[in-house]
Amino acid sequence: MRPFTYERAASAEAAVAAVASRPGARFIAGGTNLLDLMKFQIETPAHLVDIRHLPLRGIEDLPDGGLRIGALATNTEVAAHPRVKREYGVLARAIVAGATGQLRNKATTAGNLLQRNRCPYFYETSLPCNKRQPGSGCSALGGVTRSLAVVGTSPHCIAQNPGDMAVALRVLDATVETVRPDGSQRRIAIGDFHLLPGDRPEIEHPLAPGELVTAVTLPRPPGGTHRYHKVRDRASYAFAIVSVAVVLQEDGTGRVAFGGVAPRPWRVEDAEALLPSGPAAVVAAAFQGATPTAGNAFKIPLAERALALVLSEGRA
Amino acid sequence: MARAQAAGTMGSVVVALTVNDERRRLDLDSRVTLLDALREHLHLTGTKKGCDHGHCGACTVLVNGVRINACLSLAAMHDGDVVTTIEGLGRPDRLHPVQAAFIAHDAFQCGYCTPGQICSAVAVLAEVEAGVPSHATGDLTAPVTLDTSELRERMSANICRCGAYSNIAEAVADVAGRS
Ligand SMILES: Cc1cc2nc3c(=O)[nH]c(=O)nc-3n(C[C@H](O)[C@H](O)[C@H](O)COP(=O)(O)OP(=O)(O)OC[C@H]3O[C@@H](n4cnc5c(N)ncnc54)[C@H](O)[C@@H]3O)c2cc1C
Ligand code: SF4
Ligand code: FES
Ligand code: FES
């Protein structure tokens, strides 16, 4: 790790001001992604502002029947929350399909949403990578691409968003709440939170420097049957090759998002409208325009099979 | 209690921890992880370093009663926290029930992963009690029973290079069955 100074923020305002005013300053929450990357010197912050002790950890009912999850609520706390287990089951399922018991105790809701990608070339600092070193090139193109994205990519980056929780938040129509350095607050729809790479793959989310995520809110529970199915190389404790989050209603309609296939949780509303026609129609529409490589084209038929499995269970 | 603070020199921090019931105060480089603070500065070498990246579970300790990977946390982040390591769970003459079960079931070979396995198992029992679901949980709203698939899933982040898994599972199941 490169040397850095450390402070524990006394308030959200102080945390925002500390990061906004110092070049190279970063928030640290659970630290499970940031410290990992700092050890590889992929991230080299000069100053860390520890936000873990801010009062942003609660999970509260909203007057409209929804739920407000504090940015610092741990993955374990969210998955074990009685209303999440009962009414937002897809979220509990997605969280416990990710990482490990130890990591979920530390990982926070905001940190999880902001975790960086798992492209093997992003981690290999001797090779070019447009995310790590803007403009240096993409080593994955022409390389080993098995785990990488098949849709939503650009000629500058084909990394996938590796998260599980975010895929469930996408089918739940979650909103990310933030506070900006000027004190104003804003609400960002989860579908707009993870940016596609385009020609600036190093810009991964719309947050300004110092902008602090304070909460994630969920609208009223959608009802229906909730499923999260993750296909991975080991039965436990591995990132998704393909995952699918589904909320299925009794009339056969529902919502579908895929993980492990795109730079963001991949939900196409026009595609999920085809649910009554079956998984092949949904996947054909959701992956229209996909540009897989020879090494990861298998993800599209795999996504169809994962969805078919979930639908057959959901109706049983 | 001393708050961790950026002192005059670049990246030094003062950290006050309660480790295995003892108050400890450390003057550290801000980069020191909780794992290195325990091993290199407090000489509590029971907690092991395997990967240093959250992959192996050898560094599992309990912080405020909850299991975490000590390698993916800065010591400074734990100022004011209560840490329990394998040394604090039991003593040779007064073993923790999970420690005793590991001996009874011959749940280790080289022993490198064992402190992490035991700390993890102690926490798993508490997580089950608290209704924390896992990937192996069937009905999310029913109380969790620690059957074989639940146990294996919940212990899956503790890698054993010697492959003592079946005896580890038996040891933990033994303690779970008694409680
Ligand atoms: C071995 C291993 C396996 C894993 N497997 C999986 C998996 O299968 N599925 C999965 O989804 N994830 C997996 N993960 C990733 C894990 O979920 C993330 O590391 C974790 O969720 C990050 O949360 P954190 O609080 O520790 O974030 P941190 O590391 O503290 O922060 C991550 C980023 O978010 C920023 N940040 C944090 N909080 C805020 C805030 N409130 N406002 C603004 N910015 C903020 C930080 O500055 C940093 O850039 C794995 C990780 C490891 C190490
Ligand atoms: S796919 Fe993206 S993260 Fe991977 S090497 Fe290319 S630019 Fe870097
Ligand atoms: S040393 Fe911490 S998980 Fe391997
Ligand atoms: S007993 Fe040797 S690694 Fe587990």
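**Salt bridges, aromatic pairs and the chain interface**

In chain A, A:Asp36 is buried, with a relative accessible area of 3%. This value, like the others reported here, comes from a predicted model. The side chain of A:Asp36 meets that of A:Arg118 in a salt bridge, with an N to O distance of 4.0 Å. The two residues belong to distant parts of the chain, 82 residues apart: A:Asp36 lies in helix α2 of chain A, whereas A:Arg118 lies in the loop between α7 (109-113) and α8.

Salt bridges were then considered over all chains, where the search of the whole structure returns 27. Side chains of opposite charge can pair when their charged atoms come close. In chain B, B:Lys49 and B:Asp36 are joined by a salt bridge with an N to O distance of 3.0 Å. This pair also links distant parts of its chain, with B:Asp36 in helix α1 (34-41) and B:Lys49 in the loop between α1 and β3 (60-63), 13 residues apart. B:Lys49 is partly exposed at 30% relative accessibility. B:Asp36 has a relative accessible area of 19% and is therefore classed as buried, the cut-off being under 20%. A further salt bridge of chain B connects B:Arg24 with B:Glu22, the closest N and O atoms being 3.8 Å apart. Both partners are partly exposed, B:Arg24 at 28% and B:Glu22 at 46% relative accessibility. In chain A, salt bridges also build a network that links A:Arg170, A:Asp173, A:Arg255, A:Arg267, A:Glu269 and A:Glu272.

A:Phe40 is located in the loop between α2 (34-39) and β3 (47-50) of chain A and A:Tyr123 in helix α8 (residues 120-123), so the pair ties together parts that are 83 residues apart in sequence. A:Tyr123 is buried, with a relative accessible area of 18%, whereas A:Phe40 is partly exposed, at 32%. Together with A:Phe122, these two residues form one aromatic cluster.

The size of an interface is often given as the accessible area lost when the parts come together. For chain B and chain A the buried area is about 3400 Å², with carbon and sulfur atoms giving 58% of this area. Chain B contributes 45 residues to the contact and chain A contributes 40 residues. One salt bridge is found across the interface. B:Asp52 and A:Lys39 form a salt bridge in which the closest N and O atoms are 3.0 Å apart. Polar contact between chain B and chain A involves 24 residue pairs, both members of each being at pLDDT 80 or more. On the side of chain B that touches chain A, β4 (66-69) and α4 (114-129) of chain B each supply at least two residues. β4(B) gives the most, with four residues. By class, this side of chain B is made up of 17 nonpolar, 21 polar and seven charged residues.

Methods:
Residues numbered from 1 in each chain as written. Chains lettered and ligands numbered in written order. Predicted model: local features only at pLDDT ≥ 70, side-chain atom pairs only at ≥ 80, totals over all residues. Heavy atoms only, no water. Contact = heavy atoms within 4.5 Å. Buried area = accessible area lost by both parts, 1.4 Å probe. Polar contact = N/O pair within 3.5 Å; in protein donor to acceptor, adjacent residues only side chain to side chain. Nonpolar A, V, L, I, M, F, W, Y, C, P; charged D, E, K, R; others polar. Buried < 20%, exposed > 50% of the residue type's maximum accessible area, 1.4 Å probe, protein only. Phe/Tyr/Trp six-rings, centres within 6.5 Å; stacked < 30°, edge-to-face > 60°.
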